[in-house]
Structures are given as structure tokens and as C-alpha cells.
Amino acid sequence: MTDIEKYILRIADTTLILSQRLSEWCSKGPSLEEDIALSNISLDLLGQANGLLEYVSKLNGEISPDEYAFKRDEREFYNFQICEIENGHFGDTIIRQFLIDIYFKLYYQELEKSKDETLSALATKSLKEVSYHLRHSSNWVIRLGDGTQESKDKIQKSLNNIWKYTGEFFEMDELDKKMLKEKIGVNNKTLKKDWDKLVDETLIKAKLKRPEDGYMMTGSRKGIHTEMLGKILSEMQYLPRAYPDAKW
Amino acid sequence: MEATIWEVFIQSKNGLAHKHVGNVHAEDKEMALQNARDLYTRRNEGSCIWVVKSEHIVSSVPEDEESFFDPSNDKVYRHPTFYKMPDGSKHI
């Protein structure tokens with residue numbers, strides 16, 4: 001696998017696994033409208049994953065997009081760990097989505113400047129979707145944070161619990177540095193300042209307290225995951241693995 | 001969820017009238033707009049959305065039907081049906 005292939009897989013896997021997680025809300029949303037909203041976001045993310053996997057597949061020349069999605073094992077996935085955590089209650093899902101949406105928005109804005117034209121075009125397309133996702137999630141953060149005492153307590157707890165998964169957004173390993181140097185990738189470190197600012201803006205409106213940056217989860221860039229990824233993959237990959245030649 | 005019902009109107013293209021497409025549940029206007037977007041414009045149906053609280057729609061009732069609408073039935077002179085339509089004119 002070449003450097004750029006691995007670099008794109010990180011974004012592709014993050015969108016793919018988050019999409020799979022969100023799709024679990026389908027038929028279980030708190031209202032019909034919200035059920036569809038979450039499923040829509042899941043489908044947008046699946047579209048992003050598909051575009052990126054098609055590109056990796058084209059660069060690779062041998063492995064198809066489906067094979068990337070369905071034939072790799074845990075240690076070969078590079079998605080952020082935050083995508084794997086369980087949906088929990090609606091507030092947990094909203095906080096996870098809110099923190100990722102802001103990251104995606106800033107990341108894609110930078111990726112748009114990539115000298116790789118395909119990545120730049122995919123970033124432009126995704127940016128429109130992500131802006132809407134962020135509008136949806138941040139509105140809910142405000143509504144729940146500045147809602148009843150119960151909704152406030154619950155979503156503050158969600159925020160405190162999920163915060164430790166946000167450190168991975170801003171890491172720079174050797175591959176990130178190399179891609180940045182080649183003007184293909186993004187400087188993740190510099191995203192942190194704007195991310196903090198955008199997070200704070202909404203948290204203030206929501207009357208929520210921003211958690212301190214403490215211990216942060218890490219490892220996904222090396223394919224290290226929480227125990228939850230295995231369960232996601234076993235469900236997501238079951239059919240193509242059990243029936244390798246299955247056709248729609 | 002206890003929520004207000006909002007009526008949804010979609011404009012399919014610039015310049016056309018907004019058309020009633022259905023309703024959504026939502027707590028406030030921003031949420032109503034987003035829900036309407038998610039429910040009714042997923043397949044590229046629109047360029048603009050209006051949402052209006054259902055309670056703000058004033059409707060005639062079935063009992064009014066006769067007095068409202070029947071009188072225009074037997075007055076043919078109210079309909080411009082005595083003109084010869086030029087060939088080639090459409091959508092009139």
C-alpha cells in the first residue's frame with residue numbers, strides 16, 4: 001500500500017464506520033423526523049466513504065471498493081476511535097456527531113486546497129453535506145443543553161465522556177507530515193485552534209461546560225481500536241464474507 | 001415527543017409557486033425547517049421551503065362548501081370560454 005492510499009483510507013474509514021454506526025438509529029429514532037435526519041446523515045457519510053474508496057481502489061488498481069469495506073480486518077482499519085463508540089442515548093449520538101462535524105468541516109476546508117485534484121473535488125462535495133450536518137447537530141446541542149435540567153445533565157455527561165476521543169483529530173504522525181509536505185494532506189495541528197473556537201461558540205449558547213483536555217485516546221493511525229470496532233465489522237461484513245459471490 | 005405540527009410548502013423551481021407537500025413535527029422553526037428539508041427534499045425536489053405552524057392556517061370547513069363554491073357553478077359568463085383560442089397557444 002502506498003502512502004497516499006493509506007492516507008485516504010483514514011478519511012474513508014472514518015466516514016464509513018461513522019455511517020455504519022449512525023445507520024443503527026434507522027427505525028429507532030426518537031421521532032420519525034429525527035429517524036430520517038440521522039439516516040440521511042448516515043447516507044451522506046456512506047457516499048463520502050464510497051467516493052474515497054473508489055479513488056483508493058483506482059490508485060491501487062487491484063482491490064475493489066467493496067473489498068476495502070468488507071474484506072479488511074480490524075487492524076487494517078484506520079478510522080478515528082470516536083466513530084466506533086456506541087450510539088448510547090440520543091444526546092450521546094448528538095455530541096459525538098457535533099464534535100466530528102466541526103472537525104470534518106475544518107478538515108475538508110483544508111483538504112479542498114490539496115494539490116491532488118480528486119481529493120480536492122471530493123472535499124468540496126463533502127463540505128456542503130458537512131455544513132448541513134453541523135447545523136443539525138449544533139442546534140440539538142443548544143436545544144438539549146439549554147433545555148430541561150434532565151437534558152442538560154445528560155448531554156453534559158455525554159460531552160465529558162466523549163471528549164477523550166477528540167485528541168486523535170489533531171495528531172500528526174510521519175504519514176501526515178509526509179502528505180503535508182507533498183501538499184496533498186492537511187496540517188491537523190493547526191485545525192485545533194479553530195475547532196476549539198467553533199466548539200466553544202456552541203457550548204456557550206448551550207450553557208454547557210467545556211471539559212478540560214486530559215488523557216486522550218489514541219492509536220487509530222496505527223490500526224489500534226477499541227473493542228467496539230470488531231462488533232461493528234462483524235455485522236457490517238457478515239453478508240459479503242458468508243456469501244462471497246452474493247449479488248443484489 | 002410532544003411537538004407542534006408545521007405545514008410544509010416546497011418551491012420546486014425559482015419563480016414557481018410554493019406547493020403544499022405535507023407536514024412535520026418540530027419544537028421550533030429552525031427544527032421545522034430542517035425536518036422539512038430531510039423529509040421532503042431528499043430527492044432534489046426543491047429550491048425553497050416554507051414552514052408554517054398548522055394552527056396558523058385558516059381553512060374553510062366542509063359545511064361551507066355549498067355557500068362558498070356552488071354559486072359559481074351555473075354562471076358560465078364567469079368563465080372565459082367564449083373566446084376562440086389561437087392555434088399554438090398552450091397552457092391556458
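**Helix α2 of chain A.** I began with α2(A), residues 32–60, and found that its 29 residues reach 41 Å from first C-alpha to last, close to the 42 Å expected at 1.5 Å a residue. I note here that the model is predicted. Just after α2(A), I found Gly61(A) with a positive phi of about 85 degrees.

**Burial along α2(A).** I listed the buried residues of α2(A): Glu33(A), Glu34(A), Ala37(A), Leu38(A), Ile41(A), Leu45(A), Gln48(A), Ala49(A), Leu52(A), Leu53(A), Tyr55(A) and Val56(A). I recalled that an α-helix has 3.6 residues a turn, so residues three or four places apart point the same way. I then looked up what covers these buried residues; the cover includes α1 (3–23), α3 (65–70) and α5 (117–145) of chain A, and also β2 (19–26) and α1 (29–40) of chain B.

**Contact between the chains.** I found eleven residues of chain B in contact with eight residues of chain A. On the chain B side, β2 and α1 each supply at least two residues, and α1(B) gives the most, with six. I sorted the residues of this side into five nonpolar, three polar and three charged.

**Chain B as a whole.** I traced the elements of chain B from the N terminus as β-β-α-β-α, that is, two helices and three strands. Its radius of gyration is 19 Å, well over the 12 Å of the globule rule for 92 residues, so I record chain B as more spread out than a compact globule. The C-alpha atoms of chain B fill a box of roughly 55 × 40 × 15 Å along the principal axes. I noted that buried residues make up 14% of the 92 residues in chain B. Among contacts in chain B with a separation of 6 or more, 45% join residues 24 or more positions apart.

Definitions and conventions:
Residues are numbered from 1 along each chain as its sequence is written. Chains are lettered from A and ligands numbered from 1 in the order in which they are written. This is a predicted model: local features need pLDDT of at least 70, side-chain atom pairs count only at pLDDT 80 or more; totals for chains, interfaces and linings use all residues. Helices (H or I, at least four residues) and strands (E, at least two) are DSSP runs, numbered from the N terminus. The expected span of a helix is 1.5 Å times one less than its number of residues. A residue is buried if 20 or more other C-beta atoms lie within 10 Å of its own, exposed if 12 or fewer, and partly exposed in between; C-beta atoms are placed from the backbone. Two residues are in contact if their C-beta atoms, placed from the backbone, lie within 7 Å. Ala, Val, Leu, Ile, Met, Phe, Trp, Tyr, Cys and Pro count as nonpolar, Asp, Glu, Lys and Arg as charged, and the others, Gly among them, as polar. The radius of gyration is taken over C-alpha atoms; the globule rule is 2.2 Å times the number of residues to the power 0.38.
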